Amino acid sequence: MARNLTVDPRIGNKRVGLMITRGQIEHLGHTALKAQMLVDNSYNIIGFGSSQKSREFGNPLDADQKRRAQQGAWGDAFKMVFLQDIGATDRSDDWLDYVLDRIHTNQLPEPTDFYAGSIHEARWYESNFAAMTGEPAHVRGLFKVWESAETGKRIHILDRKLNYTISSSEVRTLMERRDDGWKDMVPAKLWDFYDWEYPPELRDAIDLHGDTWPDLDIYPIGTKGISADDPENVYLLRADGKWRPRTSADDAKSLGD
């Protein structure tokens, strides 16, 4: 539970922020959004989409890995809700209704403020928060803010022209290629976590040199490797710490099992 540290009774409000993201990799492009939520609202919620998917290209991490990364980067500053894809529907508000129902089911307060990196992302949530028509009611730092005169609810859109834009797919591609350039876009305290937790079957094979190959203290189960002495075979690091050639049976299941 988040600690309620009362510095002064006049500090705080009843605003509840909401951000929806697949959140596969916690990168620095999220920082401006989340930091703004923390200074705007006394309560904040992150909804993680596509949480039924994992260990596939585009959706490498599962819900528990997302949770640990989120808490590792931000502590208990945000409550989390895990959302699943609901597929095609007959009404554009079906997704919004689903999100709000999941928030209610988790006994979390109703959001008053929605945060997004683009107007396109926020269109799904207009009917509950504020219509993004005409000029924004406020421009606050990096954010354009639309507000409903009836409810007081708001939508906050990060102006990407004023903020460093990071592509989540680029971060994942660099990780999969084992290019350390991804570290320039990810919080430093999560580097070791992602290096170990990113599904090894989705990452490039490492080079195996000499007679002694790295063990489970260095790489996780399922890491792929190719030896210059045997370039035709892909080896897998097994649960017993041994490297053995990948088989056709391995290709039909999660590698490393």
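**Figure 1. Ser 227 has Asp 230, a residue of S10, as its bridge partner.** The model shown here and in the other views is a predicted one. This bridge belongs to the region where strand S9, residues 224-227, meets strand S10, residues 230-237. The two strands run in the antiparallel sense and are paired over three bridges. Strands of a sheet are held to one another by backbone hydrogen bonds, in either a parallel or an antiparallel arrangement.

**Figure 2. Four strands make up an open sheet in the order S8-S9-S10-S11.** The pairing within this sheet is mixed. Strand S8 (206-208) forms one edge and strand S11 (243-245) the other, and each of these pairs on one side only. From one strand to the next, the twist averages 40 degrees.

**Figure 3. The rings of Phe 114 and Tyr 125 form one of nine aromatic pairs counted in the model.** Their centres are 4.1 Å apart and their planes lie at 25 degrees; the pair is classed as stacked because planes under 30 degrees apart count as such. Phe 114 belongs to strand S4 (residues 113-116), while Tyr 125 is in the loop between helix H4 (119-122) and strand S5 (138-140). The two residues are eleven residues apart, and the pair links distant parts of the chain. Phe 114 has a relative accessible area of 1% and is therefore buried. Tyr 125, at 4% relative accessibility, also counts as buried.

**Figure 4. Phe 114 also forms an aromatic pair with Phe 129.** This pair is tilted, with 5.7 Å from centre to centre and 40 degrees between the planes. Phe 114 lies in strand S4, and Phe 129 in the loop between H4 and S5, 15 residues apart. Both of these phenylalanines are buried. Together with Tyr 125, Phe 114 and Phe 129 form one aromatic cluster.

**Figure 5. Two lysines lie over the faces of phenylalanine rings.** Lys 153 is placed over Phe 129, at 5.7 Å from the ring centre. Phe 129 is also a member of the aromatic cluster with Phe 114 and Tyr 125. In the other case, Lys 34 lies over the face of Phe 78, and the distance to the ring centre is 6.0 Å.

**Figure 6. Ser 118 sits in the loop between S4 and H4.** With a relative accessibility of 17%, Ser 118 counts as buried, because the limit for that class is under 20%. Leaving aside residues up to four places away in sequence, Ser 118 touches Ile 157 and Arg 160. Gln 24 is 94 residues from Ser 118 along the chain, and the C-alpha atoms of these two residues are separated by 18 Å.

**Figure 7. A salt bridge joins the side chains of Arg 140 and Asp 40.** The N to O distance is 3.1 Å, and the model has 19 salt bridges by count. Arg 140 is partly exposed, with a relative accessible area of 37%. Asp 40, in contrast, has a relative accessible area of 14% and is buried.

**Figure 8. Asp 85 and Lys 53 form a salt bridge between two loops.** Their closest N and O atoms are 3.1 Å apart. Asp 85 is in the loop between strand S3 (79-82) and helix H3 (94-105), and Lys 53 is in the loop between strand S2 (43-48) and helix H2 (63-74). The two residues are 32 residues apart, and their pair links distant parts of the chain. Asp 85 is partly exposed, with a relative accessible area of 35%. Lys 53 is partly exposed as well, with a value of 30%.

**Figure 9. Arg 154 and Glu 147 meet in a salt bridge that is part of a network.** The closest N and O atoms of Arg 154 and Glu 147 are 3.5 Å apart. Arg 154 has a relative accessible area of 26% and is partly exposed. Glu 147 counts as partly exposed too, at 32% relative accessibility. Through salt bridges that share partners, Arg 15, Asp 113, Glu 147 and Arg 154 are joined into one network.

Note on methods:
Residues are numbered from 1 along each chain as its sequence is written. This is a predicted model: local features need pLDDT of at least 70, side-chain atom pairs count only at pLDDT 80 or more; totals for chains, interfaces and linings use all residues. Side-chain values use heavy atoms; hydrogens and water are left out. Rings of Phe, Tyr and Trp (its six-membered ring) pair if their centres lie within 6.5 Å; planes under 30 degrees apart count as stacked, over 60 as edge-to-face and the rest as tilted. Buried means under 20% relative accessible area, exposed over 50%, partly exposed in between (1.4 Å probe, protein chains only). A charge sits over a ring if NZ of Lys or CZ of Arg is within 6 Å of the ring centre and within 35 degrees of the ring normal. Two strands pair if DSSP finds at least two bridges between them. Axes are lines fitted to C-alpha atoms, for helices over the stretch in contact, and angles run from 0 to 180 degrees between N-to-C directions. Contact means heavy atoms within 4.5 Å. A salt bridge is a side-chain nitrogen of Lys or Arg within 4 Å of a carboxyl oxygen of Asp or Glu.
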